[in-house]
2 protein chains.
Amino acid sequence: MDLSSIEIFLAVARDRSVTKAAKAVGRVPSNVTTRIQQLEEDLNVSLFSRDGKKMTLTREGETFLAYADRLMALALEARQAVRPLAPSGTLRVGTMESTAASRLPAALTQFNRMWPDVSLHLTMGASRDLARAVVGDALDCALIARPPKAMRGEDADFEAGLKALDMEPVFVEELLIVLPSGHPAIKSAADLRVGSIAALEPGCTYRRIAENWARKSSALPTSELGSYHAILASVATGKAAGVMPRSVLDLMPWPTSVQTHQLGLVETLLISRKNDHPSAFNAFHEVLSARKGRDIRLATN
Amino acid sequence: MDLSSIEIFLAVARDRSVTKAAKAVGRVPSNVTTRIQQLEEDLNVSLFSRDGKKMTLTREGETFLAYADRLMALALEARQAVRPLAPSGTLRVGTMESTAASRLPAALTQFNRMWPDVSLHLTMGASRDLARAVVGDALDCALIARPPKAMRGEDADFEAGLKALDMEPVFVEELLIVLPSGHPAIKSAADLRVGSIAALEPGCTYRRIAENWARKSSALPTSELGSYHAILASVATGKAAGVMPRSVLDLMPWPTSVQTHQLGLVETLLISRKNDHPSAFNAFHEVLSARKGRDIRLATN
DNA sequence: CTCCATAATTCCGGAAATGAGATTTTTTCC
DNA sequence: GGAAAAAATCTCATTTCCGGAATTATGGAG
């Protein structure tokens, strides 16, 4: 029994879907299928009942889920416990607005409980600026979104800066275009019936992805707003289409009255300077890694 | 982090030796070394201090040991918990005298605590007879010693019977010739200054191994006794050399006053009919497997 | 002090497990 | 009934893992 199998199991159990779980843990679906099958064979019990496309836990799966959670928690605790010098001092973490809203609350709570002696300094910003700050030692690490492969050529500086850094994927976000409530479904930016695209700062990767997508088939201007709440308010007026990951949208008070269009999946990376990993950073890294498959994914169906 | 690495870690931690741990978990020493190194790298901490040939736990190793134990226990509990139908009824287990004495007490206690509804029927006997009983459905499973490769040809019937069974190694025993207290050290059977070799029944694998060894350089008769206590008493008279695994000798009341000679390592196998694994058997199998690296090895140094 | 036996590590080749894609099958939704 | 989507299956390249041989290091005996 391998702890990575258990991580995969947890993801499938939560998402009730091989495909989604695969995205969440950064693997390919066929692989997830086989790992689950191996686990089932190893335990000699069927963990999921395959009702067509849905994967629902069997009764045995439910009981195993409880143990799986405890095993992961215990493994994390073990990792943290053997740290020779208890992390202390300050850790300067940079984060995107969206990650701060959706993913960090739980993780930071956990981290604080484990290492109360570390004082966390959170800085919000766009991916570009955060990366620069890490390179320039103004931050110890940051959570950023890297543009998808196809767009990497456009911002050579950014990419060059990343070369000097350690990077590790910790989350996967589904990036959305959010449309006003009455707006018809769209296939491409040409179908947009709004006056602008509402996004955050220019250095924001999500904004760049959206602009890149829009540019192909329309000439909409971008209107710059300060927060995701402001963006959604702007969408609510009917004048703009917003850009945000699903995890953020799911937190918002208007759950149903918006139409969305998928722009694709974007990884969130934890970046840090190579060979400069203070104990507090490693602890933070471990806490984030342990949450990989485990975060609440709110009402994806 | 892989649970098999943790099993290996536990073995090394207990034995303070890569070589012994390798035997205990049924692997080759180089492999054990690598797995420990991987674990250390993964945790980014040094678990053992290599003082020459000894492997002693570091302080971090000590704290990890506690977690390792809990992880293995939790994993076993998880396995047992998902069993769809709780084992019940009876399980007929055959065992060698030696295994019953040294290895089973702890395992059976644990098993009884977990599955009080299973009534265990223990039968003691020689490996040959036990194997026959399993084939003939007089037992559900048995713990036997298989002759080492070199001797397999001699008892074709026995080997043929095993072909029809599932086999899995669960323990490794160090087989010894036990000499009377004043007896000089020996290199081979030719150096023996006793009248006979004291062993159990003819079907006993340990006896056969000893006879095979003796035959090469002496013509000593075998005197057959009914129990290991009887054998040791016979050795104490100075007239015989006894045959028994170290784990049994270690349990005996005369710890120091005997001289021993190593005959080699012999695996203890759990055998069962193929495709005939009642729930209670699987539970028993899991309990034994989980103890692989964990049993108390008494004063090997 | 040197040689020898023992233990750990390193090195290397074959075997097994893993993961990514392509393909197939099944199900659900039009 | 057909199209879309999801899971399972298959294949292949890659990685990892394991066992055995060679190497290094240590402690003990002469």
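Contact here means heavy atoms within 4.5 Å. Keep that cut-off in mind while looking at the two protein chains. The model is predicted.

Start where the chains meet. Chain B brings 23 residues to the contact, and chain A brings 23 residues as well. Together they bury an area of about 2300 Å². Carbon and sulfur atoms give 64% of that area.

Charges also meet across this interface. The rule finds 2 salt bridges between chain B and chain A. One of them joins the side chains of Arg79(B) and Asp42(A), with 2.9 Å from N to O. Polar contacts can be counted too. Between chain B and chain A there are 6 residue pairs in polar contact, both residues at pLDDT 80 or more.

Now look at the side of chain B that touches chain A. H3 and helix H4 (59-81) of chain B each supply at least two residues there. Which element gives the largest share? H4(B) does, with 13 residues. Sort this side of chain B by class, and it has 13 nonpolar, 3 polar and 7 charged residues.

Next, turn to the DNA. A residue counts as near the strand if one of its heavy atoms lies within 4 Å of it. There are 17 residues around DNA strand C. Those that come nearest are Arg27(A), Arg35(A), Thr19(B), Arg50(B) and Lys53(B).

Take the phosphates to begin with. An N or O atom in the side chain of Thr19(B) is 2.3 Å from a phosphate oxygen of DNA strand C. Lys53(B) reaches a base instead: a polar atom of its side chain lies 2.8 Å from a base oxygen of DNA strand C.

Step back to the elements behind this surface. Helix H3 (29-43) of chain A gives two or more residues to the surface near DNA strand C, and so do helix H2 (18-25) and helix H3 (29-43) of chain B. The largest share, 4 residues, comes from H3(A).

What classes of residue make up the surface near DNA strand C? They divide into 3 nonpolar, 9 polar and 5 charged.

Technical notes. Residues are numbered from 1 along each chain as its sequence is written. Chains are lettered from A and ligands numbered from 1 in the order in which they are written. This is a predicted model: local features need pLDDT of at least 70, side-chain atom pairs count only at pLDDT 80 or more; totals for chains, interfaces and linings use all residues. Side-chain values use heavy atoms; hydrogens and water are left out. A polar contact is a pair of N or O atoms within 3.5 Å; within protein, one must be able to donate a hydrogen and the other to accept it, and residues adjacent in sequence count only if both atoms are side-chain atoms. Ala, Val, Leu, Ile, Met, Phe, Trp, Tyr, Cys and Pro count as nonpolar, Asp, Glu, Lys and Arg as charged, and the others, Gly among them, as polar. Buried area is the accessible area (1.4 Å probe) that two parts lose on being put together, summed over both. A salt bridge is a side-chain nitrogen of Lys or Arg within 4 Å of a carboxyl oxygen of Asp or Glu.
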